[in-house]
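Colleague: Thanks for sitting down with me. Could you walk me through this model, one question at a time?

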Amino acid sequence: MSADVQPATRPSAARRLGVFALRALKLELRIYASIGRLVARRPAVAPGATGFAYHAPVFTILMVFIVLSAVEIPIIDLIVHRWPVVRISFLILGIWGLTWMIGLLAAYLMRPHTVGPDGIRVREGLEIDLPLSWDDIASVALDRRTDEPKSPRVTEADGTRILSLRMQDRTVITIELERPTVVALPGTAPKGGRQAVDEVRIWVDDPSGFMAAVRRHI
């Protein structure tokens, strides 16, 4: 295994706390960056590349949460309006929660998978952004799979380490890599951190369009 890959051991409590704090800060910044991209209508797609959405399976759920969060703010405010400190605290918390949900949806919309001259960029929401060059990629195939609920992102089968970025337990595209490739995942080892994988499986809302774009480059 490469020296850049974290060993599959549980890190110390101090390291986990540090990683958590940094991760929380990055998430907060990306929330506002994603909202800014949504307002400006500027998805994170490099020149010459084509973006492919993957949010269809979760779009309705996110919209329901956003509406509920928006409705909750005036209801809570009405209940606690007699206590100014409590009222202001709940108002700040409610607005922050609503902003976070909008930012999460914006991330799904503005950070699509991309296929372009440099390769495939695999994304998921706010955190995952994995550039795979064409030199790294052996093949790309339409491959519909449904995994068991709560399956880990990284699994191993017959000596092949597989990263699965599922939407509601499903993937539709399999990207086979030329060699074990190190990718950076959220969190710490053994579930996150830097992991060497041989295959990446993803969900795309338009798999046929994705495959057509791939065929233009590979």
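Modeller: Happy to! When I name helices, I mean DSSP runs (H or I) of at least four residues, numbered from the N terminus. By that naming, Phe-90 lies in helix α3. Keep in mind that this is a predicted model.

Colleague: Good to know. What is the mean pLDDT of the protein chain, and which element has the lowest mean pLDDT?

Modeller: For the protein chain, the mean pLDDT is 91, and 95% of the residues reach 70 or more. Among the elements, strand β2 (residues 113–116) has the highest mean, 98. The lowest mean, 88, belongs to α1.

Colleague: Does the length of helix α1 (residues 13–40) agree or disagree with its 28 residues?

Modeller: At 1.5 Å a residue, 28 residues should span 40 Å. The end C-alpha atoms of helix α1 are 40 Å apart, so the two values agree.

Colleague: Which helix do the buried residues of α1 pack against?

Modeller: Let's name them first: the buried residues of α1 are Leu-27, Ile-31, Ser-34 and Ile-35. Their packing partner is α3.

Colleague: Which helix gives the most to the nonpolar patch?

Modeller: The patch, about 610 Å² of surface, is made by Tyr-32, Trp-83, Val-86, Phe-90, Leu-93 and Trp-96. With four residues, the largest contribution comes from helix α3 (residues 84–110).

Colleague: And how does Phe-90 count by its relative accessibility?

Modeller: Buried means under 20% relative accessible area, and exposed means over 50%. The value for Phe-90 is 41%, so this residue counts as partly exposed.

Technical notes:
Residues are numbered from 1 along each chain as its sequence is written. This is a predicted model: local features need pLDDT of at least 70, side-chain atom pairs count only at pLDDT 80 or more; totals for chains, interfaces and linings use all residues. Side-chain values use heavy atoms; hydrogens and water are left out. Patches are made of residues with over 30% relative accessible area and no salt bridge: like charges are joined within 9 Å, nonpolar side chains (Val, Leu, Ile, Met, Phe, Trp, Tyr) within 5 Å. Accessible areas come from the Shrake-Rupley method with a 1.4 Å probe; for residues, only the protein chains shown count as cover. A salt bridge is a side-chain nitrogen of Lys or Arg within 4 Å of a carboxyl oxygen of Asp or Glu. Helices (H or I, at least four residues) and strands (E, at least two) are DSSP runs, numbered from the N terminus. Buried means under 20% relative accessible area, exposed over 50%, partly exposed in between (1.4 Å probe, protein chains only). The expected span of a helix is 1.5 Å times one less than its number of residues. Contact means heavy atoms within 4.5 Å. pLDDT is the predictor's confidence in each residue, from 0 to 100.
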